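Please keep the sequence and the model in view while reading.

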Amino acid sequence: MSEVHTIDHPLIQHKLTHLRKKETGTKEFRELTDEIAALMGYEITRDLDLQSIEIETPITKTESNVIAGKKMVVVPILRAGLGMVDGIVSLAPAAKVGHIGLYRDPDTLEPVEYYCKMPPELGSREVIVVDPMLATGGTAEAGLQFVKDKGAQNIKFVCLVAAPEGVERLQEAHPDVDIYTAAVDEKLNDHAYIVPGLGDAGDRLFGTK
């Protein structure tokens with residue numbers, strides 16, 4: 001069974017509180033999402049493999065560590081996942097970026113695909129799938145399956161806020177994928193929104209209704 005990592009760093013929790021507030025406007029919401037994603041990035045990338053190389057400092061030659069293997073891939077689930085990309089990529093500017101386009105059918109609440117584009121050789125890369133909300137888990141489940149179908153093997157799922165229902169569904173569907181979140185909230189309401197949550201992340205990021 002996959003693990004759920006709740007990242008409770010004080011700075012993340014402070015910024016998440018402001019992100020949740022209904023009076024937080026589009027500009028501030030976008031900035032907070034970016035900042036939280038960057039702070040979470042340190043924990044997400046904690047177990048990246050290292051390799052030793054020889055370098056020369058102003059004093060002498062020495063052995064020192066760099067990240068091993070091919071560059072990692074950040075995969076936002078469109079459209080809200082876009083808000084988390086820059087924060088993570090700021091830590092690893094050479095990272096590749098894939099895209100998965102999904103929307104939730106308002107009647108069935110199930111995900112529908114409209115776009116999927118990935119960098120090559122996913123099987124030899126660390127793949128980080130991002131979406132601010134893990135609600136029912138349907139969209140995340142489908143998104144993870146898409147990257148697996150493209151060859152990804154080493155995958156993490158990262159969100160800002162999760163519902164227990166979504167966590168359970170994702171663990172059952174993808175027991176090999178760890179979940180990283182800033183908070184696991186109380187529940188889903190009758191409209192499949194996370195409670196207390198932070199509303200519709202896509203609308204709040206892009207100023208739409």
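Serine 2 counts as buried at 5% relative accessibility, where buried means under 20% relative accessible area, exposed over 50% and partly exposed in between, with a 1.4 Å probe and protein chains only. The model is predicted, so local features need pLDDT of at least 70 and side-chain atom pairs count only at pLDDT 80 or more, whereas totals for chains, interfaces and linings use all residues. Residues are numbered from 1 along each chain as its sequence is written, and side-chain values use heavy atoms, with hydrogens and water left out.

Serine 2 belongs to the segment before strand E1 (4–6); strands (E, at least two residues) and helices (H or I, at least four) are DSSP runs numbered from the N terminus. A polar atom of the serine 2 side chain lies 3.1 Å from the backbone oxygen of valine 177.

The unreviewed UniProt entry lists, under "binding site", residues including Asp131 and Leu134; such positions follow the numbering used here, feature names are shortened, and annotations may be inferred rather than shown by experiment. Aspartate 131 sits in the loop between strand E8 (126–130) and strand E9 (133–134), while leucine 134 lies in strand E9.

| Residue | Relative accessible area | State |
|---|---|---|
| Aspartate 131 | 10% | buried |
| Leucine 134 | 1% | buried |

Leaving aside neighbours within four places in sequence, aspartate 131 is in contact (heavy atoms within 4.5 Å) with residues including Ile77, Met84, Phe157 and Cys159. With residues up to four places away likewise not counted, leucine 134 touches, among others, Phe157, Cys159, Val161 and Ile194.

Note on methods: A polar contact is a pair of N or O atoms within 3.5 Å; within protein, one must be able to donate a hydrogen and the other to accept it, and residues adjacent in sequence count only if both atoms are side-chain atoms.
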